[in-house]
Amino acid sequence: MTHPKRKRSRTVAVGILGAASFALAGCRDEQVTAQAFPDLQSCRDASIASAEMSASDCDAAFAQAQELHVQSAPRYDSRELCEEEHGEGSCGTEAQAAGGGSGSIFMPLMMGYLLGNMMSGRNGFAASQPLYRNLQGGFTNASGTSTFSTNAGRGNMSSSQFRTPPTTVGKAPLTPATVSSRGGFGGSGGSRMFGG
Amino acid sequence: MEKITLPERPGWRAQAEELGFTFADMHGEPYWDETSAYRFTLDEVETMIEDPATELHAMCREAAARIVESEELMARLAIPEAHRDLVRDSWRRGDPELYGRFDLAHDGQGPAKLLEYNADTPTSLYESASYQWLWLEGQLELGVLHAGDDQFNGIHEALVARFAELFAEDEQLHFTAVAGAPEDYATVEMLGWAAREAGMGAHYCDLDKIGLSDEGQFVDDESRVIGTLFKLYPWEDLLRDPYADHVAPSGVRMLEPGWKALLSNKGLLPVLWQMFEGHPNLLPSFFEDDADMDAPGMDRVVRKPLFSREGSSITIRENGAVTEASPDDSYAHHPHILQAYHPLPVMDGFRPVVGAWIVGQSCVGMGLREDRSRITQDLSRFKPHFIRG
């Protein structure tokens with residue numbers, strides 16, 4: 001067999017950061033500043049005093065959120081099921097809520113949108129996201145992966161919130177839960193460490 | 001191979017701590033011990049460790065190919081019946097392997113002997129790939145080692161290359177280990193660094209926080225779908241977990257692949273002996289229930305459970321009498337194999353075991369651990385090595 005002359009790496013990763021900080025070092029997504037608006041007008045109003053965005057940014061973001069809403073809002077096969085997730089009066093038929101489609105598929109009404117700075121033009125990301133009511137009186141995104149207490153205000157959040165949600169158009173209506181269980185790994189090994 | 005006393009690098013403990021190598025001392029004993037180091041010649045490394053270990057991995061792949069075709073062998077290796085297809089399919093699909101570590105008895109005189117293959121969840125990757133390397137570079141700089149001294153340690157570069165070979169750039173990989181185990185975690189983080197260097201995204205999630213989506217895909221602690229999962233958690237345990245039924249339907253790509261359950265299993269050793277009897281790097285090995293005790297070398301045997309880590313539940317029997325037993329018998333209820341006893345060399349009161357690292361299908365580095373006891377356990381010490389001559 002042939003062997004390289006030098007037997008060791010030229011560089012190595014030198015440190016261990018630990019589970020918490022390793023996530024921060026890159027496992028966790030970067031943080032971006034995001035603002036939520038209940039409707040287009042409140043965004044435009046805010047843009048007058050803002051150096052970061054213009055009214056046309058608001059228009060573009062709102063249009064994109066609406067597009068994602070049509071493509072990706074959770075679909076339910078009954079109004080009842082939809083209202084169980086989003087609260088009474090927060091749902092409509094696909095025909096009503098998305099301006100076209102089925103009268104027997106139900107989806108939540110868009111109750112605002114989340115606008116992320118610097119997220120436009122990145123593959124797999126959208127600069128804005130539709131917001132929906134949740135049962136707790138707060139708001140959630142299309143994939144249901146995060147909740148917000150309000151649909152107005154600003155804060156820092158993970159850039160993953162701006163990932164384009166998986167499309168639900170033409171697919172079977174979603175069942176209410178996204179995560180059906182946790183903790184199904186690790187039980188057989190007891191509490192010892194596993195390496196050897 | 002010789003053991004040489006060397007001055008320790010001044011301030012290495014503070015450096016280790018700063019780097020997050022928090023287990024350099026364990027249980028009040030040194031784990032990383034640089035008061036001495038093992039010296040090898042280049043020829044010894046290449047002809048007695050590197051090439052034999054690469055060949056052993058190829059033999060193990062042949063053994064895997066045989067085992068998946070045999071219900072009887074699958075049963076002897078205690079692969080749960082419900083999941084034999086998972087193991088079989090992973091082999092037939094050619095699911096690629098990432099890494100493994102052979103433990104070899106090597107004295108520099110005769111051929112190195114395979115003690116076992118940590119093919120599924122090998123740890124001590126940080127010590128081997130990274131801290132050992134820092135030690136060498138530091139000692140070269142201090143003049144303790146000489147210009148031209150080297151180390152058999154291409155592990156990190158090989159891992160980066162392997163990730164690049166297996167995954168597209170920007171692919172998102174998940175890594176998991178049991179929570180609160182710093183030694184296990186260190187190995188996982190090393191792999192995460194290598195994956196990132198290769199252009200992938202690396203995400204860590206504690207093992208018990210993994211969930212299942214309503215569409216049957218695994219998700220991490222932030223409910224993000226897991227496409228590829230590196231798990232520092234043995235297949236033999238995973239296949240007995242509630243989520244085992246969901247692995248195949250989920251479509252998740254597993255590292256190590258399911259067929260590694262056949263190689264990290266001590267039942268591999270008798271299968272290798274059946275297939276390659278007399279191979280210079282193998283010791284006679286048998287399943288306990290049909291052991292040929294009259295075979296040469298079987299007057300002194302090591303009895304090992306199919307599944308065991310850190311030297312647990314192992315006994316040494318000489319002429320029928322148990323002469324040494326490891327205190328932890330947590331694996332004792334498993335079936336056992338018998339392997340001819342091969343003494344480890346004794347160097348300055350300690351017995352070294354050579355860990356030969358495989359990345360992909362080639363041996364790319366080594367790390368040594370030594371123990372006072374004849375059974376290497378979790379109180380053993382990690383020893384650096386260098387190549388001169």
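## Confidence in the two chains

Chain B has a mean pLDDT of 92, with 97% of its residues at 70 or more. The model is a predicted one, and for the complex the predictor reports an ipTM of 0.87 and a pTM of 0.75.

For chain A the average pLDDT is 74, and 68% of the residues score at least 70. Within chain A, confidence is highest in strand S2 (residues 91–93), at 89, and lowest in helix H1 (residues 19–27), at a mean of 53. The pLDDT falls below 50 over residues 24–28 of chain A, a stretch that has 12 contacts in the model beyond near neighbours in sequence. Residues 169–177 of chain A also have a pLDDT below 50; beyond near neighbours in sequence, this stretch has 15 contacts in the model. Where pLDDT is low, the predicted coordinates should not be read in detail.

## Extent of the interface

The interface brings 78 residues of chain B into contact with 44 residues of chain A. The size of an interface is often expressed as the accessible area lost when the parts come together. Between chain B and chain A the buried area is about 5100 Å², and carbon and sulfur atoms give 53% of this. On the chain B side, the residues that lose the most area to chain A are B:Trp133, B:Asp214 and B:Tyr243, which together account for 11% of what that side buries.

## Polar and charged links

There are 26 residue pairs in polar contact between chain B and chain A, counted with both residues at pLDDT 80 or more. Helix H7 (residues 182–197) of chain B supplies the largest share of the chain B side that touches chain A, with 10 residues. By residue class, the side of chain B that touches chain A consists of 37 nonpolar, 15 polar and 26 charged residues.

The rule for salt bridges finds 4 across the interface of chain B and chain A. A salt bridge joins B:Asp150 to A:Arg8, where the closest N and O atoms are 2.8 Å apart.

## Strand pairing between the chains

How values were computed:
Residues are numbered from 1 along each chain as its sequence is written. Chains are lettered from A and ligands numbered from 1 in the order in which they are written. This is a predicted model: local features need pLDDT of at least 70, side-chain atom pairs count only at pLDDT 80 or more; totals for chains, interfaces and linings use all residues. Side-chain values use heavy atoms; hydrogens and water are left out. pLDDT is the predictor's confidence in each residue, from 0 to 100. Contact means heavy atoms within 4.5 Å. Buried area is the accessible area (1.4 Å probe) that two parts lose on being put together, summed over both. A salt bridge is a side-chain nitrogen of Lys or Arg within 4 Å of a carboxyl oxygen of Asp or Glu. A polar contact is a pair of N or O atoms within 3.5 Å; within protein, one must be able to donate a hydrogen and the other to accept it, and residues adjacent in sequence count only if both atoms are side-chain atoms. Helices (H or I, at least four residues) and strands (E, at least two) are DSSP runs, numbered from the N terminus. Ala, Val, Leu, Ile, Met, Phe, Trp, Tyr, Cys and Pro count as nonpolar, Asp, Glu, Lys and Arg as charged, and the others, Gly among them, as polar.
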